[in-house]
Amino acid sequence: MIELFSIIFIGTFIITRILSHKLHNREDDSKSRTLTRKIREKTSFDFHHIHFGFIGLFLSLVIYLIFSFSSFLVVLFAVSLSLVLDQVIPSIFYYNIIKSNIKICYFSKIAIFLAFFLHLITLIISVYLI
């Protein structure tokens with residue numbers, strides 16, 4: 001199962017980054033073609049893929065508690081955790097949760113590096129624990 005988790009976890013990170021960079025219009029967000037942009041238009045809520053991740057993590061917990069462990073659960077958990085980790089650093093700095101004036105754009109090199117680093121650390125911890 002750790003192999004399945006690892007492949008889905010890293011694959012989600014790569015696919016999310018490629019699609020985000022390809023479909024998002026940084027100059028004019030209203031021209032972006034992302035799913036989260038469409039949700040923002042419909043709901044007026046500042047929705048991002050981190051929110052999909054948190055929803056998926058919650059669903060993973062519910063599925064685990066009701067149905068126990070399965071391959072589907074591993075996939076859902078890996079995708080959800082990757083979506084959260086991909087956007088957590090820019091979100092923390094953007095919303096100034098920590099006392100800092102630093103703003104990190106999701107598309108910046110530092111945000112990509114930090115997201116990759118978080119994925120790598122999480123993967124190492126996962127392999128070590130299992």
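Phe 116 counts as partly exposed, at 42% relative accessibility; buried would mean under 20% relative accessible area and exposed over 50%, with partly exposed in between (1.4 Å probe, protein chains only). Phe 116 is found in helix α5, where helices (H or I, at least four residues) are DSSP runs, numbered from the N terminus.

A word on the model: it is predicted, so local features need pLDDT of at least 70 and side-chain atom pairs count only at pLDDT 80 or more, while totals for chains, interfaces and linings use all residues. Residues are numbered from 1 along each chain as its sequence is written, and side-chain values use heavy atoms, with hydrogens and water left out.

**Aromatic rings**

A pair of aromatic rings is described by the distance of the centres and the angle of the planes. Rings of Phe, Tyr and Trp (its six-membered ring) pair if their centres lie within 6.5 Å; planes under 30 degrees apart count as stacked, over 60 as edge-to-face and the rest as tilted. The structure holds 4 aromatic pairs. Why is the pair of Phe 13 and Phe 116 tilted? The planes of these rings stand at 40°, so the pair falls in that class, with the centres 6.5 Å apart. This pair links distant parts of the chain, 103 residues apart: Phe 13 sits in helix α1 (residues 2-23) and Phe 116 in helix α5 (residues 109-129). Elsewhere, ring pairs join Phe 5, Phe 9 and Phe 77 into a cluster.

**A salt bridge**

How many salt bridges does the structure hold? There is 1 salt bridge, meaning a side-chain nitrogen of Lys or Arg within 4 Å of a carboxyl oxygen of Asp or Glu. The partners are Arg 17 and Asp 86, whose closest N and O atoms are 2.7 Å apart. Here too distant parts of the chain are linked, since Arg 17 belongs to helix α1 and Asp 86 to helix α4 (residues 71-94), 69 residues apart.

| Residue | Relative accessible area | Class |
|---|---|---|
| Phe 13 | 7% | buried |
| Arg 17 | 7% | buried |
| Asp 86 | 0% | buried |
| Leu 59 | 40% | partly exposed |

Leu 59 has its place in helix α3 (residues 49-67). The C-alpha atoms of Leu 59 and Leu 76 are separated by 8.3 Å, and the two are 17 residues apart along the chain.

Conventions. Helix = DSSP H or I, 4+ residues; strand = E, 2+ residues; numbered from the N terminus.
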